[in-house]
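Subject: Structure handover and notes

Hello,

Please find the structure below, followed by notes on what was found in it.

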Amino acid sequence: MAAPLSWSAELRTLYESHAAGQFILHGNVEDRVLIPANGGSRLGSVEEYLLEVLLPGFDVVLTYDLGNGVRVARGGPVFTKWPSWKEGEPLPKKPREAIELLTHYLRYCANLQRIKGETIRVAVIMRAAHLVIPALPGALNYDLNAMALLVREWASDPLLTDHPLATFLIAENLNDLHPLLVNHPRVARLRLPLPPAEEMTAAFRTMAPRFPTALKNYTADPTSAARRLAGATLSSTEALLKRKDHLKEPLTEADLSALKKELVEKDCSGLIEFIESAKTLDDVHGQDTVKKWLRQDMTLWRQDDLEAMPMGYLLCGPVGTGKTYVVNCLAGEAGVPVVRFKNFRDKWVGSTEGNLEKIFRLLQALGRCVVFIDEADQALGSREGGSGDSGVSGRVYSMMAEEMSNPKNRGRILWVLASSRPDLIEVDLKRPGRIDVKIPLFPATTPEECFQLLSALGKRQRVPLEPADFDALKPILPTLVTPGAAESLAIKAYRFLKTGAATPSAAWHDALEDYQNPVPPDIMRFQIDLAVREASDLSFVPAVFRNE
């Protein structure tokens with residue numbers, strides 16, 4: 001038999017202790033859940049779980065959503081005794097009418113108990129509550145606010161709170177639901193997480209008889225497969241097993257990493273992507289102090305020595321210095337999932353915050369992971385918000401600040417921010433406890449460093465440089481060359497080699513002769529100065545920049 005879900009146990013405690021009678025269920029609410037059945041378990045919806053596990057003792061259970069209107073899920077004969085019910089007349093679908101009818105019936109049941117001593121235990125389940133009573137910041141929508149007040153009364157009116165009544169508002173994201181409900185102190189907010197490894201293991205055991213071919217290799221012990229698929233929903237996992245079983249293909253260890261990436265990215269609707277890399281920090285040219293520090297942290301992480309683990313890194317430096325490349329190499333070195341934020345911002349009011357909620361749920365389910373946010377100065381918002389974005393920037397800042405400083409995430413989620421303008425990132429987001437290590441990356445500062453960088457990239461582009469070429473090229477080797485600029489030069493040299501240059505050395509000479517740094521000198525100097533000031537340790541800063 002399936003063990004009680006964590007949110008279910010908390011809900012039962014809150015209700016039975018009379019601490020709360022109205023519950024906002026948010027998070028992974030559209031997923032399948034394990035429901036005890038016939039001594040074992042089956043997969044069903046959250047609503048089925050409520051009906052079969054938490055509400056079997058209720059006399060009447062009413063449901064409502066925009067598509068189906070009000071429906072009687074249980075207790076039809078009891079409900080039809082209500083004097084206001086008219087046989088043959090359909091129950092309302094429009095939100096205002098439906099909520100007024102539900103409120104009328106709840107008050108009738110409470111008054112019936114108070115006057116005649118007849119008790120009717122009633123529950124109401126509102127599906128997709130964010131579509132019925134949405135959050136519309138700044139909108140003077142009187143109908144909407146009236147509905148929010150009525151539903152709020154279900155949790156606060158003494159006539160109703162003294163009655164055996166339970167109401168459930170189901171919404172994927174809290175930020176999508178009207179604040180009069182979300183912020184009400186008498187309402188319990190319960191987050192349904194993505195299935196952890198133990199729940200996924202139980203689900204595999206439940207599904208094994210249905211998908212014998214797909215789970216052929218994991219029938220005896222599905223623990224390893226379940227652990228590898230943590231972060232995916234049960235719905236997407238079930239769909240995967242259906243497809244595998246139909247194709248007569250057993251699930252294998254080789255499948256799991258790619259399948260998890262596919263399932264999680266699909267469930268997150270393109271809000272994140274996994275960074276998979278065959279490179280390691282050995283592929284980062286130079287930056288020896290930085291590589292040493294990162295490797296020490298990765299060693300501590302693998303040894304579960306978390307006290308010295310940072311909450312996050314900030315990679316800063318001029319454009320083209322390889323901040324994203326360092327993260328790609330770290331992904332190959334870390335041995336844990338590395339997740340990159342994509343464009344989670346949305347033009348619709350409330351959607352951006354809802355997207356962030358969804359991402360945070362995923363990160364909690366993944367266990368240990370590295371989270372990469374590129375162009376962090378643009379992505380993370382600001383404390384003051386923007387005058388033209390309806391306050392979205394400020395709310396993003398607040399949500400990110402709270403998540404990044406959660407002490408429970410130390411050793412579980414490692415944040416990596418990258419920016420060439422770290423001065424535009426709010427100071428509070430860069431403080432210790434959120435970002436503990438700030439790592440500057442700099443361009444090559446001497447002809448020797450420039451030559452080594454060009455040699456490394458020339459080898460990759462099949463335009464090799466020999467040590468003997470240094471003296472001939474030294475007079476035209478530029479300073480303050482970034483890896484990005486060096487890669488462009490290597491491609492340019494390859495072009496010259498293929499279109500007339502006799503030797504690789506001659507091709508490099510032609511490529512360097514009229515070279516101009518793509519970043520204007522004043523911008524390069526400004527961004528270098530920013531990186532120096534941000535560095536959390538002077539050992540990261542070349543001596544040539546320390547006293548400037």
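Contact here means heavy atoms within 4.5 Å. Helices (H or I, at least four residues) and strands (E, at least two) are DSSP runs, numbered from the N terminus. The buried residues of α9 are E199, M200, T201, A203, F204, T206 and M207. Buried stands for under 20% relative accessible area, exposed for over 50%, and partly exposed for what is in between (1.4 Å probe, protein chains only).

This is a predicted model, in which local features need pLDDT of at least 70 and side-chain atom pairs count only at pLDDT 80 or more, while totals for chains, interfaces and linings use all residues. Residues are numbered from 1 along each chain as its sequence is written, and side-chain values use heavy atoms, with hydrogens and water left out.

L194 sits in the loop between β8 (187-192) and α9 (197-207). L194 counts as buried because its relative accessibility is 11%. Apart from neighbours within four places in sequence, L194 is in contact with N28, G231, A232, T233, R361, L362 and A365. Between the C-alpha atoms of L194 and L241, which are 47 residues apart along the chain, the separation is 18 Å.

**The sheet**

An open sheet is formed by six strands in the order β5-β4-β6-β7-β1-β8, with mixed pairing. Because β5 (69-74) and β8 stand at the edges and each has a single partner strand, one side of each is left without a neighbour in the sheet. From one strand to the next the twist averages 20°. For pairing, DSSP has to find at least two bridges between two strands.

Strand β4 (residues 60-65) and β5 run antiparallel and are joined by five bridges. In this pair, Y64 stands opposite V70 of β5.

β7 (residues 165-170) is mostly covered, with six of its six residues buried. L165, T167 and L169 point one way from β7, whereas A166, F168 and I170 point the other way, and all are buried. In a regular strand the side chains alternate between the two faces of the sheet.

β7 has parallel partners in β1 and β6. Strand β1 (residues 22-27) runs parallel to β7 and is joined to it by four bridges. Strand β6 (residues 122-126) also runs parallel to β7, and five bridges join these two.

**Helices α13 and α14**

The axes of α13 (residues 288-302) and α14 (residues 323-334) come within 11 Å and cross at roughly 30°. Axes are lines fitted to C-alpha atoms, for helices over the stretch in contact, and angles run from 0 to 180 degrees between N-to-C directions. The crossing of α13 past α14 is right-handed; that term applies if the near helix is turned clockwise from the far one by less than a right angle, and left-handed if anticlockwise.

At this contact, L294, R295, M298 and R302 of α13 meet V326, L330, E333 and A334 of α14. By class, the contact has five nonpolar, no polar and three charged residues. Ala, Val, Leu, Ile, Met, Phe, Trp, Tyr, Cys and Pro count as nonpolar, Asp, Glu, Lys and Arg as charged, and the others, Gly among them, as polar.

**Cysteines**

How many disulfides does a search of the whole structure find? The number is zero, where a disulfide is a pair of cysteine sulfur atoms within 2.5 Å. For C316, the closest cysteine sulfur is that of C329, 18 Å away and therefore too far for a bond. C316 is buried, with a relative accessible area of 0%, and C329 also counts as buried, at 0% relative accessibility.

**Positive phi values**

Most residues other than glycine have a negative phi. A128 has a positive phi, near 45°. A128 is in the loop between β6 and α5 (129-132), and its relative accessibility of 23% makes it partly exposed. L480 also has a positive phi, near 55°. L480 lies in the loop between α19 (470-473) and α20 (483-498) and counts as buried at 19% relative accessibility.

Regards
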